[in-house]
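Please look over the structure below before reading the notes.

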Amino acid sequence: MTTPDPTSPLDAPPGAPPEPVFPSAPAPPDGVVPPGSVPLDYQRFRDEPMELYRELLRDHGPVVPILLDGKIPVWTVLGYREVVRVTTDPNLYARDSRRWHSWHLVPPDWELTTFVGYRPTMLFSEGADHQRRSEAICDGLAAVDQFELRAGCERVADQLIDTFAGSGRADLVAEYASQIPLRVVTRLYGLDDTESAAIQDDSLHLTGNDAPVALQKMQTRMEALIKRVRENPDQVNVAAHLVSHPAGLTDDEIINDLLGSIYAVQQPTSDLIGNALRLMLTDERFAITLSGGRRSVGQALNEVLWENTPVPFWIGRWAADDTMLGGRRIRKGDCLMLGLAAANADPDVRPDFHGAGGNQAHMAFSHGKHGCPPAAREIAEVIATAAIEVLLDRLPDVTLSVPADELEWRVTLMMRGTAALPVEFTPAHLH
């Protein structure tokens with residue numbers, strides 16, 4: 001693994017590899033663990049997250065020093081206004097994780113390695129470099145034809161439903177929600193069905209021991225895609241748009257940004273679909289939708305983004321200088337973890353905690369220049385809406401095949417999704 005010179009931690013190594021880089025920046029002289037740090041209660045985070053967020057806000061304020069597993073210190077930003085402040089000041093609250101002074105505390109098998117270890121992608125870039133790369137990827141996604149996107153979503157959804165429609169039973173997470181996002185998005189990038197299936201298989205191994213091999217396979221496939229695009233410049237897809245963009249992206253930049261966006265798209269969008277289906281199958285307010293109506297699909301998605309967002313925390317930002325936030329002293333090099341779900345529950349914003357209705361001011365997609373680009377949000381919402389609507393069209397009498405209280409959540413620090421949705425329905429004909 002290539003490691004940057006610790007005396008110059010923000011100089012990216014030439015030809016940086018796709019695997020994460022872990023610098024060895026010195027810790028502050030007075031230590032790295034803020035006084036009064038609170039160990040994160042993982043059990044409550046799994047079982048009753050909203051109650052935990054409100055309790056932390058009440059007892060500790062909008063910015064809380066939290067100890068993650070392994071006693072890794074982070075500032076957890078829970079207040080809505082504080083999250084907005086952090087995400088709108090990328091110069092002070094920066095994205096390059098090589099700024100962190102606590103790398104010496106991080107074990108090699110840390111669960112957040114995939115998200116925190118520096119990679120030369122747009123997600124970790126800053127300043128003018130981020131602006132240049134962000135404009136290119138945003139323009140590429142904005143150029144996607146929404147009608148073609150919807151048609152592609154419906155085609156993928158029909159193909160998946162065909163695999164289980166005749167059986168009368170399915171797990172809508174494993175067999176449906178988890179299969180859709182990458183199949184749709186990789187086609188937008190310019191990959192064919194076989195290549196998309198291979199990328200999807202590789203992505204399943206990104207968090208295990210096989211992660212380096214899986215990532216290398218994905219990189220090789222993307223290299224082949226970019227080579228093909230350069231040899232056939234008349235193609236119309238996101239990769240071709242990036243290749244010809246006036247930002248003048250290098251092949252390495254395009255490959256790294258496409259790989260970064262693939263990972264950002266797959267699990268959150270899959271969980272958005274699964275969490276919304278769970279809500280609609282268990283909440284009587286949405287029963288009319290399961291009888292064939294469509295008015296509540298958008299409402300269900302919006303409620304999930306407020307109440308059970310697929311990304312409850314996002315790590316993170318790293319302080320570029322000493323500052324104050326929410327009454328707390330933040331030191332240069334401190335890590336800040338954005339409590340996106342907690343911000344949604346902030347009593348200063350939602351004092352009664354009732355449903356948010358059509359309000360879309362949630363933090364589910366983060367905020368600011370490093371938040372999810374508007375075009376990417378639209379693509380995620382089109383994919384999720386189409387997936388649910390096609391399912392309800394094809395299987396209008398779908399119901400849970402287990403009691404609702406037996407459904408479980410699949411929870412990691414940065415992802416919250418329905419573990420499984422076993423359902424039954426009248427066997428249907430193939431599309």
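Predicted model: local features only at pLDDT ≥ 70, side-chain atom pairs only at ≥ 80, totals over all residues.

Residues are numbered from 1 along each chain as its sequence is written, and side-chain values use heavy atoms, with hydrogens and water left out.

**Helix 11**

- Helix 11 covers residues 251–282, 32 residues in total; helices here are DSSP runs of H or I with at least four residues, strands are runs of E with at least two, and both are numbered from the N terminus.
- From first C-alpha to last, helix 11 reaches 47 Å, close to the 46 Å expected at 1.5 Å a residue; the expected span is 1.5 Å times one less than the number of residues.
- Because 26 of its 32 residues are buried, helix 11 is largely enclosed by the rest of the structure. Buried means under 20% relative accessible area, exposed means over 50%, and partly exposed lies in between, with a 1.4 Å probe and protein chains only.
- Arg278 lies in helix 11, and its relative accessible area of 12% makes this residue buried.
- Arg278 is 105 residues from Val173 in sequence, and their C-alpha atoms are 9.7 Å apart.

**The second largest pocket**

- Pockets and cavities are found on a 1 Å grid over the protein atoms alone: a cavity is a set of points where a 1.4 Å probe fits but cannot get out, a pocket is an open set with protein on both sides within 12 Å along at least five of seven lines, and lining residues have an atom within 4 Å of a point.
- The second largest pocket has a volume of about 570 Å³, where volume is the space filled by probe spheres set on grid points joined across faces, edges and corners.
- Its lining has 26 residues, and Glu148, Arg155, Val184, Arg187 and Leu188 lie nearest the centre.
- Two or more lining residues each come from helix 6 (146–162), helix 7 (180–189), helix 8 (193–203) and helix 10 (238–244).
- Helix 6 gives the most to this lining, with seven residues.
- By class, the pocket lining has 11 nonpolar, nine polar and six charged residues. Ala, Val, Leu, Ile, Met, Phe, Trp, Tyr, Cys and Pro count as nonpolar, Asp, Glu, Lys and Arg as charged, and the others, Gly among them, as polar.

**Cavities**

- There are two cavities of 30 Å³ or more.
- The largest cavity holds about 50 Å³ of space, and its lining residues include Pro49, Tyr53, Glu307 and Arg416.
- Helix 2 (residues 49–60) supplies the largest share of that lining, three residues.
- The lining of the largest cavity divides into five nonpolar, two polar and two charged residues.
- The second largest cavity holds about 40 Å³, and among its lining residues are Val32, Trp75, Trp100 and Asp334.
- Strand 3 (residues 72–77) gives three residues, the largest share of the lining of the second largest cavity.
- Seven nonpolar, two polar and one charged residues make up the lining of the second largest cavity.

**Aromatic rings**

- The whole structure has nine aromatic pairs, counted when ring centres of Phe, Tyr or Trp (its six-membered ring) lie within 6.5 Å.
- One aromatic cluster is formed by Trp100, Trp103, Trp110 and Trp318.
- The charged end of Arg278 sits over the ring of Trp409, 3.9 Å from its centre; this requires NZ of Lys or CZ of Arg within 6 Å of the ring centre and within 35 degrees of the ring normal.
- The charged end of Arg95 sits over the ring of Phe124, 4.9 Å from the ring centre.

- The peptide bond from Ile315 to Gly316 is cis, with omega near -5°, and Gly316 belongs to strand 6 (residues 313–319).
- Lys71 has a positive phi near 60° although it is not glycine; Lys71 lies in the loop between strand 2 (63–68) and strand 3.
- Lys71 counts as exposed, at 64% relative accessibility.
- Ser366, also not glycine, has a positive phi near 65°. Ser366 is in the loop between helix 13 (340–344) and helix 14 (374–394), and is buried at 10%.
- Val83, in helix 3 (residues 80–87), is buried at 0% relative accessibility.

Terms used:
Phe/Tyr/Trp six-rings, centres within 6.5 Å; stacked < 30°, edge-to-face > 60°.
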